[in-house]
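Subject: Structure handover

Hello,

Here is the structure we talked about. Please have it open while you read the notes below.

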Amino acid sequence: MNTLLTLLLLAAVPQEPEAKLEATTTGYLDTRFTGSHVSPAGLVPATGEPALTHLSEGNMQVKLRYGPRLSAGADLSLFWQWAGLFRGVDTQGEEVALAKQDVPLYRPSAVVSELFAAWEAAPHLNLTLGKKRVVWGSGMAFNPTDLLNPPKDPTDPAGQRAGAWLARVELPFEHFSVSLVGAAKVLRQYAGLPTSVLVYPDYPTAEAVRNPALDDRDKEAHWAAAARLYALVADTDVTLTYHFTHLYNDAFREKSRVGLSLSRVFDATEVHLEALVQAGSSQMYADPACTPSPEALLGCTLSGTSPLSRTHLDDRGVRAKVLVGARYLFEDNATLSAEYYFNGEGYSAREFADYVGLLGQGRRLLAQLTPEQAEALTARLGPTGAATDPGAPQKFTFEPLRRHYLFLQYSKPQVADDFVLGASAVVNLGDLSGQLIPQVSWSAREWLTLSGSVFIPLPGVKSLAAEVAGERITEGSLSASDWRALLSARLFF
């Protein structure tokens, strides 16, 4: 890896006289066990959801500097994963143990989080090329204006380091700076490594050969362009962004979006705002005609009517995604943060009821179909699109369906010198469901950290839930697993 980065660095620009190559290498070995309670008879099928998983990661991070103006970096991880204890339901609806399954999500993989070279071409001109994580927003748990990178885990925001394949031009000045970015989307991967970027290959995937309904290829380029203006105004960090995307991480074509980010520190309190404005929505909406019964859903499927579709993709109505929050630093170095997120693309109460109603009918219908028919129906119910770069495997994935959310985070370091206690919560304010995650970590040695956390479901308020066949369903109850417990050990070098 050092040799590759060195060649990339030296080939990028002419060598400088008396320049010296400096290199630093760090990394870690991490192993993590996760146990969970899976509900195979729930609304969301749990056929591929294991009750026990193990993940081991070997990570290496390399930083190179050649003279005062050239630098390069790499962040590479190799993952080995195991999953077991799968459960499902039989034709009578009874819970049964399933044979070992080959789930693509739990196969060994490699993740190139970053691999880039940077050059300070002039005092006011910096160039970057490669894979780099670029986040311009001020939000902590979530960034509405981040349209380029793999999403981060709101319960562990620093855990996601993977970026996007891009070229960046920066123009830094004393009182402001301007950045321009062009990015290409990863469309196909093998073992976590990209095999197709920007445009699809001529051949389909093995799954699409077996089931043509899964072939999502097109002949278009998938790309994004972004511009950023940053300035410090009245002690406030102000960032304006403009994104123009075409089939990049969503279904929008030639879509313009405008963002604003603000951050200000008042003594021990930091407050921030991050907002994105756009026209239309890329959300999948259920067709109410397909939700009354399994027969209605089957009729939609046989007639070619999509039960889920992006009906508001080309709407002219303006939608906003807004996050506001604050973080307080206590005298003992403990921190507390609270953020409210408004998701302008989220479902209303009626739209959410249609969505979960469709899931309920699909669950009943799947039990009556052959495996081939069930796979075809699942493809119809689920959103189709190119495989994106997911980055590192995450403990918690935030995929908001509703409109109002609350993120809470608390961390207390230096407890008995070697312990860090913390807790976080993600709450859907529409039905008060979500997750509560207490956590503890112990620095057993300077080079070894042990940690544990528990994901406790918040069931929500039934009176605020959607009703499906007499059952009250909240967003939190859509998960195939209930509680989860994680234990991990990380060795640094």
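Helices (H or I, at least four residues) and strands (E, at least two) are DSSP runs, numbered from the N terminus. On that basis V468 sits in strand β23 (residues 466-468).

Please note that this is a predicted model: local features need pLDDT of at least 70, side-chain atom pairs count only at pLDDT 80 or more, and totals for chains, interfaces and linings use all residues. Residues are numbered from 1 along each chain as its sequence is written, and side-chain values use heavy atoms, with hydrogens and water left out.

**V468**

Buried means under 20% relative accessible area, exposed over 50%, and partly exposed in between (1.4 Å probe, protein chains only). V468 is buried, at 7% relative accessibility. A contact means heavy atoms within 4.5 Å. Leaving out residues up to four places away in sequence, V468 touches V356, G357, G360 and I473. The C-alpha atoms of V468 and P292 are 9.8 Å apart, and these two residues are separated by 176 residues along the chain.

**The chain as a whole**

The chain has five helices and 25 strands. It has 493 residues, of which 42% count as buried. Take the contacts between residues at least 6 apart in sequence: 63% of them join residues at least 24 apart.

**Salt bridges**

Side chains of opposite charge can pair when their charged atoms come close. The cut-off for a salt bridge is a side-chain nitrogen of Lys or Arg within 4 Å of a carboxyl oxygen of Asp or Glu. The structure holds ten salt bridges. Three of them follow.

- R490 pairs with D30, with the closest N and O atoms 2.9 Å apart. R490 lies in strand β25 and D30 in strand β1, so the pair ties together parts that are 460 residues apart in sequence. R490 is partly exposed, at 26% relative accessibility. D30 is buried, at 8%.
- R133 pairs with D146 (3.9 Å, N to O). Both R133 and D146 lie in the loop between β6 (125-132) and β7 (164-172), so the pair ties together parts that are 13 residues apart in sequence. R133 counts as buried, at 16% relative accessibility.
- K321 pairs with E345 (2.7 Å, N to O). K321 is in strand β17 (residues 318-329) and E345 is in the loop between β18 and α4 (349-366), 24 residues apart. K321 is buried, with a relative accessible area of 17%. E345 is buried too, at 7%.

**Pocket and cavity**

The search runs on a 1 Å grid over the protein atoms alone. A cavity is a set of points where a 1.4 Å probe fits but cannot get out. A pocket is an open set with protein on both sides within 12 Å along at least five of seven lines. Lining residues have an atom within 4 Å of a point. Grid points are joined across faces, edges and corners, and a volume is the space filled by probe spheres set on the points.

The second largest pocket holds about 1,200 Å³ of space. It is lined by 47 residues, and the closest to its centre are T155, D156, G159, K395 and Q439. Elements that give two or more residues to this lining include β1 (21-38), β2 (50-66) and β25 (481-492). Strand β25 gives the most, with six residues.

For residue classes, Ala, Val, Leu, Ile, Met, Phe, Trp, Tyr, Cys and Pro count as nonpolar, Asp, Glu, Lys and Arg as charged, and the others, Gly among them, as polar. The lining of the second largest pocket divides into 21 nonpolar, 17 polar and nine charged residues.

There is one cavity of 30 Å³ or more. The largest cavity holds about 50 Å³. Its lining is V134, V135, W136, T145, D146, L147, L148 and H243. That lining divides into five nonpolar, two polar and one charged. D146 is also the salt-bridge partner of R133.

**Positive phi**

Two non-glycine residues are worth a look. L198 has phi near 80 degrees. L198 lies in the loop between β10 (193-197) and α2 (206-210), and is partly exposed at 32%. D267 has phi near 55 degrees. D267 lies in the loop between β13 (255-266) and β14 (269-279), and is exposed at 82%.

Best wishes
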